[in-house]
Amino acid sequence: MMSTMFVIEENEDLFDRLPDSILLTIFDKVQDAKSLCVSASLCKRFRFLVTQTQYVSLTIPPQKSHKSSPSNTNRNQFIGFLNRVFLKPFQFVLRQISKWNPLCMPIIPSAQKNDRYNCCTCSYASPAEILRSFREIKELEIRLPSPAGGDKKNAGDSLLKWNAEFGSQLKNCLIVGGTSLSPIHNNRVGEDVENVDVRQRGDSLELQRMTNDELKLRVVWIISSLIAASARYCLLEETIKEKKTLNNVVISDDIGQGKCCMNGEQVEEMRRNTEVFSSNRMKMPALKVKMWYVPELELPEEGCVMKGATLVVIKPVEEWSKADESGDLVAKGFGITGDRKEEKVFDEVARELVKLDRSYSLEMNSF
């Protein structure tokens, strides 16, 4: 009798003893959408609980490019013929499987369903489609692939970071960049430069103006950052519209160059704004740009020197008329996923440059 009882306890599934609240806590700690989808396919209970996960992190893989050739074209035509002849009768079965466990079904590219994502020049699958069965998401983090495929060396402007906040439109955008980064020379490391104000260190540098080429480069930085931020905002449109419980969103890239974020108030503002949802793309408001520039900036905290150090703060024109909150935006930092030392370098650049009295200003029309 005792041995029989021991066998029963040994074969018992201990997960069945855990209450739903504990399992939900575990799934919230997992966060990774792919892992959650795999968990949902294990049993009915997991499938039911995964849909209630409140904290989700989604990494969208880069699309593979296929070079077309005559042989590939003929093969694709043959495969298409086989699909029409043999697989079409089983489409009903595939649809039923999708209803049974939609979390694990392959994603249909959004461009085939709805062309409005093409206006943002995004080649990614819609996050709303991938997350369609997660019904109670509160915090969402999305990471997009970079054009360089995650390779920082081939990522172009690797010394460029930006952070944008949105509501129904752009709230602000902070950009920090430079042309090169190198360690402070050995004979200057021992100098007491930490207590020297940036105004004193940069008095002679502030008298130098940017050349036309330097100004053009920074205008390119501004425009490219705004376009990237607008594209990510547009990518979130359907997700925010459908997920009524969502109150915090962060969308970044795998090399940590830029981040687009929205808090609960901004998410609700975007959700209420019907004009944004009815339009094919988000229009940037008229913007005022304030830019600080130093040809060479010493960063004593991190022991390095950045050439062409630039700080850009962008806000709608009407927001500048209320108050200049450049220092507050800089104090928030970037919080970009990546190497912590690299993150500290850009935070220090922003803190030092915002202290300068001299800055450049320009305005951009809505687009």
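1. Glu 268 comes out as partly exposed, at 32% relative accessibility, where buried means under 20% relative accessible area, exposed over 50% and partly exposed in between (1.4 Å probe, protein chains only). Its salt-bridge partner is Arg 271, with the closest N and O atoms 2.8 Å apart; a salt bridge here is a side-chain nitrogen of Lys or Arg within 4 Å of a carboxyl oxygen of Asp or Glu. Arg 271 counts as buried at 12%. Helices (H or I, at least four residues) and strands (E, at least two) are DSSP runs, numbered from the N terminus.

2. Before going on, a word on the basis: this is a predicted model, local features need pLDDT of at least 70, side-chain atom pairs count only at pLDDT 80 or more, and totals for chains, interfaces and linings use all residues. Residues are numbered from 1 along each chain as its sequence is written, and side-chain values use heavy atoms, with hydrogens and water left out.

3. The whole structure has seven salt bridges. One of them joins Asp 20 to Arg 45 at 2.8 Å between the closest N and O atoms; since Asp 20 is in helix H2 and Arg 45 in helix H4, the bridge ties together parts 25 residues apart in sequence. Asp 20 is partly exposed at 37%, and so is Arg 45 at 24%.

4. Lys 332 and Glu 165 also meet in a salt bridge (3.4 Å, N to O). Lys 332 is exposed at 55%, while Glu 165 is buried at 14%.

5. On to the rings: there are two aromatic pairs, the rule being that rings of Phe, Tyr and Trp (its six-membered ring) pair if their centres lie within 6.5 Å, with planes under 30 degrees apart stacked, over 60 edge-to-face and the rest tilted. Phe 27 and Phe 46 have centres 5.5 Å apart and planes at 85°, so they are edge-to-face. Phe 27 sits in helix H2 and Phe 46 in helix H4 (residues 44-50), 19 residues apart, and both are buried.

6. Phe 166 and Tyr 233 make a tilted pair, 4.6 Å centre to centre with 35° between the planes. Phe 166 belongs to strand S3 (residues 160-166) and Tyr 233 to helix H12 (residues 212-235), so parts 67 residues apart in sequence are tied together. Phe 166 is buried at 0%, as is Tyr 233 at 1%.
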